Structures are given as structure tokens and as C-alpha cells.
Amino acid sequence: PPRAGSQEGGVATSENLAYLIYTSGSTGRPKGVAIEHRSAVALALWARRAFSPAELSGVLFATSVCFDLSVFELFVPLAWGGRVIVADNALALPRLAAAGEVTLVNTVPSAMAELVRQGALPASVRTVNLAGEPLPRPLVDALYSLGTVERVCNLYGPSEDTTYSTAALQERFTDRPPGIGRPLAGTRAHVLDRAGRPVPVGVSGELHLGGAGLARGYFGRPELTAERFVPDPHATQGERLYRTGDLVRLLPGGDLHFLGRIDHQVKVRGFRIELGEIEALLRRHPSVREAVVLAREDQPGDRRLVAYVVFAGDAADAADAASEALRAFLAERLPEYMVPAAFVVLPALPLTASGKVDRKALPAPEWRSGESFVAPRTPLEEVLAGFWRELLGVERVGVKDSFFRLGGHSLLATQLVGRVAKTFQVELPLRRLFETPTVEALAAAVVAVEAKPGQSEKIAKVLLRIKGRKEEKPAG
């Protein structure tokens, strides 16, 4: 509803609703964060002071409008005379016709790490903004080592505080771990204990945010708004603070250091996810008796969602088929990044002595396709299977294996499509892999492009060159 005295429905004011951003909800019901025009304007005004016209002259816009990083990528450059360069996703940057005109990239660390690994960050990029995930120091050093990147900024902020709340320009080649910096102009940050009292410097506490960027609340959810947006005990004008649920420590110099989540909310590839939302949806399926979802990082830097399921009745006797049915059930109701990469079927969930689910005792998933193994039958299938083995870290890939049942996710899918494009000069839409996620189907998609003049000869030459390298014997 509009605020009292506003002109919602008539002449717009600064307190009118600008947009809703939906975030995951622990009860299984997503939350619509209501952002007013004044808060979005505050973000744009901060950005005008923080970034020069040269930096904003070519900003990559590669984030879905459903994700709040897009508010910076789209509206900040357009507000201050800059230019927006559109891409399907950050990893498509090197294949853009205008890649050499991009001056600022604003993305999650995992995507930037892959661009650096590929040597694919254009030399025109002078500023890199990283947000949405903890920033590793080696990535900062790698960016500065390129010799073309002049500024690496670590940005932090929940959707409830209009995209960004704190910022930190990263030092070059230091042993200090990246911090999340200090509050933006107009933002207040307090580190409080469970009773809402300030904690001493160096002691961990929950980060509370207030100020110009604070959201109106959750759309149509007054009780949840009252729970998360609390009165500021240090203010005199009735201001509020947002309880972020993030654990931080205030350092002696005044910077904030991020420690992790207080609850079971996690971030996977930059997306904030309430594991309870996925669990609640799983339990609504008639075949499921119990369900728990974890974000596992069995390989450093590769965090994936894993669902642990106890089936009811006859479903337990056909676990593979039931798991695939669950995957399809979730895919119809959740965005791709919230669908677990693996489903582990258990006879019962492990419990602690107090009767709670023992999450530490849940086993690591076995990444497999569930299909009978069929070896690659053509040179093209052999090359594609090799790409899968490298990206997924598995020893064996058959032509009927599902990319996602072997542990693939959207970031890895983007890398796979990029390798196909670079190797065969074939541009395939990312959705093709989601629609037909097998080596056999991907090979057929590549072959289908051969109908274009000269394409068949290009692919044949690439396969011959790869075959020749495999047959070469090492000298001596």
C-alpha cells in the first residue's frame, strides 16, 4: 500500500514504490522487497560520486532484472550519461562485439574468476565491482596482475537496503583478507548482539543497516516486516534498522569484516537462497516424507545445492525415477539456481542426540547420471565428453549422461557453451543445454549448425587437429 500522504496512483513522489525484488523465504513463500524511488535515487547519487564518467562510459549489463545487481548495472550509467552494454551473462563478455568498449564490470566473484582463468577480461575494463559472494584475496591479486585493471571494489548489501550498503576499494598485493569496507554515504551500519546492544570493536555481531537505502518493507507481509525491520535504538526520529542476519566484526580502523550467515540462508553463485524454501517445497511433493537441503562445497570454490530426501511408500523402491520427478517438480516452481544439483536418497535422516537433523552427518553426493553407460561413438562426442570431464571433475562421461545429474550448474553450463563456441566457432544458446543436457544431444546441436556454408569444413578441421595432437608421441 502507498505511504500516508503519498500520491501513489497519481503524481509520483520520492516515497512511491519503484520496484519489487523477490528473495527466497524460509517458510517456502518468497518475499517481495518494496523499494521506493528515494532509495534507488540514493544509490545512483552515491555511484555518481564513487565512479567517474570514464568508468561509467561502458558498463556491462549482464544480470537478470530479477536480481538486484541489475539496478546498479542499468540505472547508474543511464542516470549519469554513461552507456549500457548488454550481454546474456558475464561469461559471454569475451564474445560480445562491443567487448573492447566495456570499462566497468559489476558481477559475482565466481563469474569473474572464470573470466580471469580464461584470460577473457578485455583490456578496456578498468574497474571491477565484485559482490554477492565472499571475495577471495587471490582473485583480487589476479585482477591487479593483469596490468589493465585499475580498481577492484568489494561491495556488500542485501536487497532490503537497495543493492549496496558498504564498499571497500581493495589494496594491491596485501596479505589482509578483503573486507566489506564502510557504509555508503547516507547508510548507517551497527554491529549489535542478540539484545540489540552494540558489541565492542573486534567482537562479532549481527549487522543492522539503516538510512537512505532502506526498503519500505516486505510487500503484503506486515508481520515479517516488523520482525526484520526494527526500531533504531540510537535514533530520535523513529528510524528503522534492517536485521541482515549476517555476522560481521568491526575492525579497529572502522572497516567491517564479513564472517558468514547467522541462519541457514546461503549464497550460491551470488544468489541469496533460503534453504527452507526449497525444503518446504520438497515436502509438498506426495512422494516425500522428509527433506533437508544443504549448500556443499566438496571442491574448493564450487558450492552446490544438495537435497537429502526420505521417500514415502513405493517411491523408495524406484529412487532414481522418483529423484528425476522431484527435479522436474522443483524446476517448474523455482528458478534454476535454486534447483539442487544432486538428490541423495536416504532411508532416514541422521539425528543428533537431541533429535534434530544432524546436518554434519549427511553424506557427500555421488555424481552420476543414472543411465547405462554408452561410450562416445564419434570424434565430436569424444571432444565434448572431454569438456564435461574437465568441467565436472568426473572420470567417465557417457553420451547419455545428464550434465546436471553429474553435478553441473548454470555457471558450468555457461563455461561449456563458451568452450564449444571457442573450439568449433559455433554459437549455441545456453537454453539448448538445459533442454537437452546430454553429450549426444549437444553433439547433434553442433552438427545441426553444419548446414551453414563452410561450417562443416571448419568443424572437421578442428576434429582432425585435436586427433593429431592426441596421436603425437612425446619426443625422446
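Helices, here runs of at least four residues assigned by DSSP, are numbered from the N terminus, and in this predicted model helix 2 is followed by G81, a residue whose phi is positive, near 80 degrees. The protein chain as a whole has 12 helices and 20 strands. Of its 476 residues, 50% count as buried, and among the contacts with a separation of 6 or more, 58% are accounted for by residues 24 or more positions apart.

The surroundings of helix 2 may be described first. Helix 2, which spans residues 69–79, packs with helix 1, residues 37–50, at an angle of about 70 degrees, and the axes of the two helices are 10 Å apart. Since angles of 65 to 115 degrees count as roughly perpendicular, helix 1 and helix 2 are therefore roughly perpendicular to each other, and their crossing is right-handed. On the side of helix 1 the contact is made by L43, A44, W46 and A47, which meet V71, F72 and V76 in helix 2. The residues of this contact divide into 7 nonpolar, no polar and no charged.

Helix 2 is mostly covered, with 8 of its 11 residues buried. The buried positions are L69, S70, V71, F72, E73, L74, V76 and P77, so that V71, F72 and V76, which meet helix 1, belong to this buried set because buried means under 20% relative accessible area. Besides helix 1, the buried residues of helix 2 pack against several strands, namely strand 1 (17–23), strand 3 (59–61), strand 4 (84–86), strand 5 (104–107) and strand 6 (127–130).

A50, which also lies in helix 1, has a relative accessible area of 24% and is partly exposed. When its neighbours within four places in sequence are left aside, A50 is in contact with E55 and R151. The C-alpha atoms of A50 and L184 are separated by 9.6 Å, although these two residues are 134 residues apart along the chain.

Attention then turns to the loop between strand 7, residues 151–156, and strand 8, residues 166–169, where T162 is found. T162 has a positive phi of about 55 degrees although it is not a glycine, and at 2% relative accessibility T162 counts as buried. T163 lies in the loop between strand 7 and strand 8 as well, and T163, again not a glycine, has a positive phi of about 75 degrees. The relative accessible area of T163 is 2%, and T163 is buried.

L250 has L256, in strand 15, as its bridge partner. The hairpin formed by strand 14 and strand 15 has 5 residues between the strands, and in this hairpin G254 takes a positive phi near 105 degrees.

A separate description is given for an open sheet of 3 strands, which has the order 18-19-20 and mixed pairing. Its edge strands are strand 18 (288–299) and strand 20 (342–345), each of which pairs on one side only. Neighbouring strands of this sheet are turned by 30 degrees against each other on average, direction ignored. Strand 19, residues 302–311, runs parallel to strand 20 and is joined to strand 20 by 4 bridges, and V309 stands opposite V345 in strand 20.

Helix 6, residues 275–283, lies across strand 18, strand 19 and strand 20, running at about 145 degrees to strand 18. The loop between helix 6 and strand 18 contains H285, which at 13% relative accessibility counts as buried. Leaving aside its neighbours within four places in sequence, H285 is in contact with L326 and F329.

How values were computed: Residues numbered from 1 in each chain as written. Predicted model: local features only at pLDDT ≥ 70, side-chain atom pairs only at ≥ 80, totals over all residues. Heavy atoms only, no water. Pairing = 2+ DSSP bridges. Axes fitted to C-alpha atoms, helices over the stretch in contact; angles between N-to-C directions. Parallel < 35°, antiparallel > 145°, perpendicular 65-115°, else oblique. Left-handed = near helix turned anticlockwise from the far one by under 90°. Contact = heavy atoms within 4.5 Å. Nonpolar A, V, L, I, M, F, W, Y, C, P; charged D, E, K, R; others polar. Buried < 20%, exposed > 50% of the residue type's maximum accessible area, 1.4 Å probe, protein only.
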